[in-house]
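Hi there,

Here is the structure I promised to send over. Have a look at it first, and then read on for my notes.

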2 protein chains.
Amino acid sequence: MVSMKDLAAACNVSIATVSKALNDQHDVSARTKEMVRRKAKELGYFPNSAAKALKTNRSHNIGVLFVDEAQSGLTHDFFANVLDSFKRTIELKDYDLTLVNCSKNHNNSMTYLERARYRGFDGVVIACIDFRDQEVVDLVNSNIPVVTIDYIFNNRIAVISDNVKGMRDLVNYVYQMGHRKIAYIHGNDNSVTQSRVSSFFTTCTQLGIEVPDEYIKQADYRDTEGTRLRTLELLELKEPPTCILYPDDFAGFGGINAIREKGLRIPEDISVAGYDGIRIGRHIEPKLTTIRQDTEQIGRLAAENLIKLIEHPRSTIIRPIMVEGELYKGSTVADINRNAE
Amino acid sequence: MVSMKDLAAACNVSIATVSKALNDQHDVSARTKEMVRRKAKELGYFPNSAAKALKTNRSHNIGVLFVDEAQSGLTHDFFANVLDSFKRTIELKDYDLTLVNCSKNHNNSMTYLERARYRGFDGVVIACIDFRDQEVVDLVNSNIPVVTIDYIFNNRIAVISDNVKGMRDLVNYVYQMGHRKIAYIHGNDNSVTQSRVSSFFTTCTQLGIEVPDEYIKQADYRDTEGTRLRTLELLELKEPPTCILYPDDFAGFGGINAIREKGLRIPEDISVAGYDGIRIGRHIEPKLTTIRQDTEQIGRLAAENLIKLIEHPRSTIIRPIMVEGELYKGSTVADINRNAE
DNA sequence: AATTTATTCTAAAACGTTTTCGGTTTTTCT
DNA sequence: AGAAAAACCGAAAACGTTTTAGAATAAATT
């Protein structure tokens with residue numbers, strides 16, 4: 001409510017001088033700077049971001065775009081952790097974070113791009129969304145600095161979890177534990193799933209493992225009911241797998257339930273593994289074997305690179321950034337090597 | 001980038017007319033309104049929120065204040081669900097949501113109140129934070145519309161989960177299942193804990209249950225290691241409880257682990273219950289008995305009332321709003337009545 | 001026809017900043 | 001001491017809106 005005008009009056013200087021003093025410009029003396037700042041604190045002055053944004057075309061505000069279809073937005077463990085890390089990082093540089101309104105409630109709703117411009121975001125981070133949506137594509141192709149998570153666009157910064165390496169590590173580990181009959185219930189079709197599935201097959205081939213068609217099934221991510229049903233199918237096979245991989249940890253618990261329904265023990269009778277490394281997985285028994293994605297790193301790198309792109313567009317190298325996950329061994333994959341019996 | 005000025009030029013009318021046409025004011029003819037709107041769409045015009053906010057002192061942006069101490073902000077299941085519901089609700093009214101930067105990284109960082117003013121939030125929702133923090137108190141006592149979650153300030157809107165009723169329902173259920181030796185490991189001291197603890201004692205007294213001191217212990221919320229240790233202590237007692245209540249579901253799993261460590265079965269040998277109703281609790285075995293907090297409702301009511309307060313300050317009744325939780329029976333509390341044996 | 005009333009429009013100020021450019025004053029150099 | 005350079009400051013325009021007060025025109029009333 002107390003503006004630069006008031007402050008200028010109180011200091012007997014011009015508004016211009018006040019502005020420069022507060023912004024630490026070089027053409028104002030140390031003495032007046034000191035005076036203006038003291039007075040500012042005294043009167044309880046603080047700037048108005050709207051006016052500043054209007055004038056400078058910089059909002060110091062970053063938008064985050066995600067769609068919480070089926071309750072899987074903010075409550076999505078992986079994404080929430082990424083976002084949390086992202087937020088902590090940009091806060092160090094004095095940015096705020098705005099969740100972009102993505103409801104299409106009236107027919108005149110803005111597109112994502114329009115809304116980003118409307119709010120004047122300095123940059124946008126995009127995650128957890130259908131990347132083939134035309135609105136998303138338009139936003140990515142605009143001149144607004146953008147970073148995507150787990151999806152690569154041409155000539156844009158992306159931070160992606162190394163699903164190829166993750167799946168390879170997981171399969172190698174399972175193989176090393178003696179398993180040769182490995183089933184994989186994968187998630188619904190998107191780029192993440194594709195990376196994992198192709199890595200699964202590649203690794204199996206390299207290891208000389210044959211994967212019968214009926215060992216490959218599909219369920220949605222976080223869909224415990226789907227994995228339960230698929231798991232039951234797998235257990236019905238005349239030659240059931242000795243280990244089942246799930247789309248993610250959450251969905252994995254659906255599979256675990258199915259297995260126990262059948263009176264089987266984990267990992268004595270059958271082994272399982274998830275993907276993600278959700279927090280709770282390390283706190284409940286059996287501790288789920290999984291690939292822990294480095295959400296901390298993903299969020300931080302996304303933030304750092306987006307800010308670099310915003311503040312130094314010319315000197316920022318635009319490329320996808322890989323973040324490796326880490327195998328968490330847990331206790332759901334049994335060692336069934338001969339010598340271990 | 002195309003502004004009202006451009007639009008005015010293209011339409012051969014004044015800027016004022018354009019503004020009024022787009023805002024559907026009464027003193028502009030239907031014909032020009034139509035014309036302006038058509039032209040606006042044609043040129044790809046959209047407003048600039050900073051300019052609008054500067055002029056009107058309304059940002060159509062709501063701040064959310066929470067502190068993610070110990071990773072328990074966005075990744076906090078209860079809060080994430082509340083926030084998700086909150087967001088969906090305000091989006092229907094065309095508001096955006098900004099997570100207020102609450103890092104104190106340099107000594108000149110703004111206070112919460114200053115930041116709220118700086119950004120020009122129309123309102124702020126406060127949750128998951130130390131409500132005794134002076135900065136929070138200052139914000140609450142300012143003239144900015146505010147709603148708090150799970151904490152009541154005088155003369156401010158609050159949406160709170162009915163912990164008294166929740167705990168009463170839970171204890172009654174446990175009692176009804178035949179339990180008389182009920183232990184309670186409660187969370188660290190705050191208003192939520194106080195409600196639950198006092199309700200626990202009141203209900204026990206009403207039921208004529210004696211609660212020995214050593215049945216009451218403390219662990220932090222979501223602290224699986226703490227609950228593990230406290231649980232082991234309880235099991236060492238010469239007269240151990242037949243049922244243990246935990247601070248929350250997440251922490252409850254720490255207790256479950258401890259119990260299994262000792263080779264005991266749930267619920268055959270000992271019963272347990274949590275509090276919250278986190279999603280995963282319904283997907284893993286054993287299904288944890290708990291009080292499911294109605295996060296959907298809490299978020300929605302907080303949003304609706306905050307917006308009402310923003311848009312119609314005079315006619316909004318200011319009072320705490322109670323939201324009841326629901327008993328989820330799960331399968332971790334055994335029926336130990338004589339006839340059930 | 002003259003007056004009033006209603007309708008439709010515009011000019012201009014204002015919101016709180018930043019920035020450019022020019023003008024003083026002070027310091028430094030010869 | 002005088003000139004050149006450096007340091008410091010202010011007036012004013014601009015960013016994209018909304019809003020007020022009034023002007024111009026059209027319609028309705030006497």
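To start with the DNA: how many nonpolar, polar and charged residues does the surface near DNA strand C have? By class, that surface has 11 nonpolar, 9 polar and 6 charged residues. Please keep in mind that this is a predicted model.

DNA strand C has 26 residues around it, and Met4(A), Ala16(A), Ser19(A), Ala16(B) and Thr17(B) come nearest. The elements that give two or more residues to this surface are α1 (4-11), α2 and α4 of chain A, along with α2 and α4 of chain B. The most comes from α4(A), with 5 residues.

Now to DNA strand D, which is surrounded by 26 residues, the closest being Ser14(A), Ala16(A), Met4(B), Ala16(B) and Ser19(B). Here the elements that give two or more residues are α2 (15-22) and α4 of chain A, together with α1 (4-11), α2 (15-22) and α4 (49-56) of chain B. The surface near DNA strand D divides into 11 nonpolar, 9 polar and 6 charged residues.

Next, the protein chains. In the contact between them, 42 residues of chain A meet 43 residues of chain B. On the chain A side, two or more residues each come from α4 (49-56), α5 (77-92), β2 (96-99), α6 (112-119) and α11 (249-261). Of these, α5(A) gives the most, with 7 residues. The chain A side is made up of 19 nonpolar, 13 polar and 10 charged residues.

Strand pairing also crosses between the chains: β2(A) is joined to β2 (residues 96-99) of chain B by 3 bridges, and the two strands run antiparallel. Within that pairing, Leu97(A) has Leu99(B) as its bridge partner.

How do the two copies relate?

Last, the layout of chain A. The chain is divided into domain 1 (4-47), domain 2 (61-161 + 296-324) and domain 3 (163-293 + 327-340). Taken over C-alpha atoms, the centres of domain 1 and domain 3 of chain A are separated by 63 Å.

Best wishes

How values were computed
Residues are numbered from 1 along each chain as its sequence is written. Chains are lettered from A and ligands numbered from 1 in the order in which they are written. This is a predicted model: local features need pLDDT of at least 70, side-chain atom pairs count only at pLDDT 80 or more; totals for chains, interfaces and linings use all residues. Domain bounds come from an automatic or database domain assignment. Two residues are in contact if their C-beta atoms, placed from the backbone, lie within 7 Å. Helices (H or I, at least four residues) and strands (E, at least two) are DSSP runs, numbered from the N terminus. Ala, Val, Leu, Ile, Met, Phe, Trp, Tyr, Cys and Pro count as nonpolar, Asp, Glu, Lys and Arg as charged, and the others, Gly among them, as polar. Two strands pair if DSSP finds at least two bridges between them. A residue is near a molecule or strand if its C-beta atom, placed from the backbone, lies within 6 Å of it.
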